[in-house]
Amino acid sequence: MEPIRIGIIGDYDPNLRTHKATNGALWHAGEKLSLPLEVRWLPTPAVERLDECDGLFAAAGTPYVSMAGALMAIEFARTHNRPFLGTCGGVQHALIEFARNVLGIDDADSAEHGSSSANLVIAPVSCEAPNRLPGGPKLSNCDRILLAPDSQLGRIYGRAEIWEEYHCNYELNSAYRERFEAAGLRISGVAEGGQARAIELPGNAFFIGTLFQPQLAPLGEQPHPLITAFVRACG
């Protein structure tokens with residue numbers, strides 16, 4: 001069996017917990033699914049060979065070295081209907097790519113970048129009070145997430161409420177939410193206050209982005225359901 005080729009959009013740093021966890025979570029899912037994987041990091045200054053990837057994962061750990069490279073790779077996944085999963089900074093850049101190339105907001109950007117753009121579709125998070133996972137460690141942000149039951153994400157989890165770890169300081173600017181939704185992007189997960197925590201594109205077979213990082217979930221016997229669903233879609 002030929003290995004499934006997964007390209008990780010990001011600038012690998014062995015000192016980042018989330019980068020090492022991303023590799024481990026993907027391999028764990030592949031092993032449980034009995035699917036051989038070839039996981040390849042795609043440095044953003046020189047993203048190449050995208051057509052060889054069966055799926056693309058936009059990693060956390062931003063700002064990317066090359067925003068243009070990251071956006072180009074995400075656009076490839078969206079327009080070529082390649083399975084895509086973006087977490088933390090990955091979903092933020094998926095939103096910027098969509099804003100620029102679908103909504104026509106050429107200068108769409110993130111507040112994280114110190115941009116002078118008038119269209120900061122990614123803004124500082126409005127919910128920073130830490131919560132505690134029942135029976136678990138204290139997490140950094142508002143980590144209880146409500147899923148739309150008829151969404152792809154809701155079907156993957158099989159429930160309407162989840163708790164996930166994330167450390168993002170930036171989120172979808174709510175002032176632009178209606179424009180995204182009118183163009184077909186689905187907000188499939190929200191915080192208790194209604195802030196967007198997960199998105200998907202119903203027109204694509206698998207295109208999901210989350211502010212939280214499923215790859216940081218402890219590696220028990222069963223891999224994370226979202227990572228598993230992504231790897232399965234790549235196969």
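**Cavities, a helix and some salt bridges**

Mentor: Val 91, Gln 92, Leu 95, Glu 171, Leu 172, Ala 196, Arg 197, Ala 198, Ile 199, Thr 210 and Leu 211 line the largest cavity. Keep in mind that this is a predicted model.

Trainee: What volume does the largest cavity have?
Mentor: About 70 Å³.

Trainee: And which elements each supply at least two residues of its lining?
Mentor: H3, S9 and S11 do. The largest share comes from S11, with 4 residues.

Trainee: How do the residues of that lining divide into nonpolar, polar and charged?
Mentor: There are 7 nonpolar, 2 polar and 2 charged ones.

Trainee: Glu 171 and Arg 197 are both on your list. What do they form with each other?
Mentor: A salt bridge, with the closest N and O atoms 2.8 Å apart. Glu 171 sits in strand S9 (residues 170–172) and Arg 197 in strand S11 (residues 196–200), so the pair ties together parts that are 26 residues apart in sequence.

Trainee: Are those two buried or exposed?
Mentor: Buried, on both counts: Glu 171 has 6% relative accessibility, and Arg 197 has a relative accessible area of 2%. The cut-off for buried is under 20%.

Trainee: How many salt bridges does a search of the whole structure find?
Mentor: It finds 12. Another one joins Glu 161 to Arg 144, with the closest N and O atoms 2.6 Å apart. Glu 161 is in strand S8 (residues 161–163) and Arg 144 in strand S7 (residues 144–147), so that pair links parts 17 residues apart in sequence.

Trainee: How do Glu 161 and Arg 144 count for accessibility?
Mentor: Glu 161 is partly exposed at 33%, and Arg 144 is partly exposed at 22%.

Trainee: Which residues are linked in a network of salt bridges?
Mentor: Glu 2, Arg 5, Glu 38, Arg 40, Arg 49 and Glu 52. Within that group, Glu 38 pairs with Arg 40, the closest N and O atoms being 2.8 Å apart. Glu 38 is partly exposed at 29%, whereas Arg 40 is buried at 16%.

Trainee: Back to H3. How many of its residues are buried?
Mentor: 11 of its 13, so call the helix mostly covered. From first C-alpha to last, H3 reaches 18 Å, close to the 18 Å expected at 1.5 Å a residue.

Trainee: Switching to pockets: which residues lie nearest the centre of the second largest pocket?
Mentor: Ala 60, Gly 61, Cys 88, His 167 and Gln 213, out of 15 lining residues. Helix H1 (17–32) and H3 are the elements that give two or more residues to that lining. The pocket's volume is about 210 Å³, and its lining has 5 nonpolar, 8 polar and 2 charged residues.

Trainee: Last one: how many cavities of 30 Å³ or more does the structure hold?
Mentor: It holds 2. The second largest cavity has about 50 Å³ of space, and its lining includes Ala 25, His 28 and Pro 214. By class, that lining has 6 nonpolar, 4 polar and no charged residues.

Conventions:
Residues numbered from 1 in each chain as written. Predicted model: local features only at pLDDT ≥ 70, side-chain atom pairs only at ≥ 80, totals over all residues. Heavy atoms only, no water. 1 Å grid on protein atoms, 1.4 Å probe; cavity = no way out; pocket = protein on both sides within 12 Å on 5 of 7 lines; lining within 4 Å. Points joined across faces, edges and corners; volume = space filled by probe spheres on them. Nonpolar A, V, L, I, M, F, W, Y, C, P; charged D, E, K, R; others polar. Expected span 1.5 Å × (residues − 1). Buried < 20%, exposed > 50% of the residue type's maximum accessible area, 1.4 Å probe, protein only. Salt bridge = Lys/Arg side-chain N within 4 Å of Asp/Glu carboxyl O.
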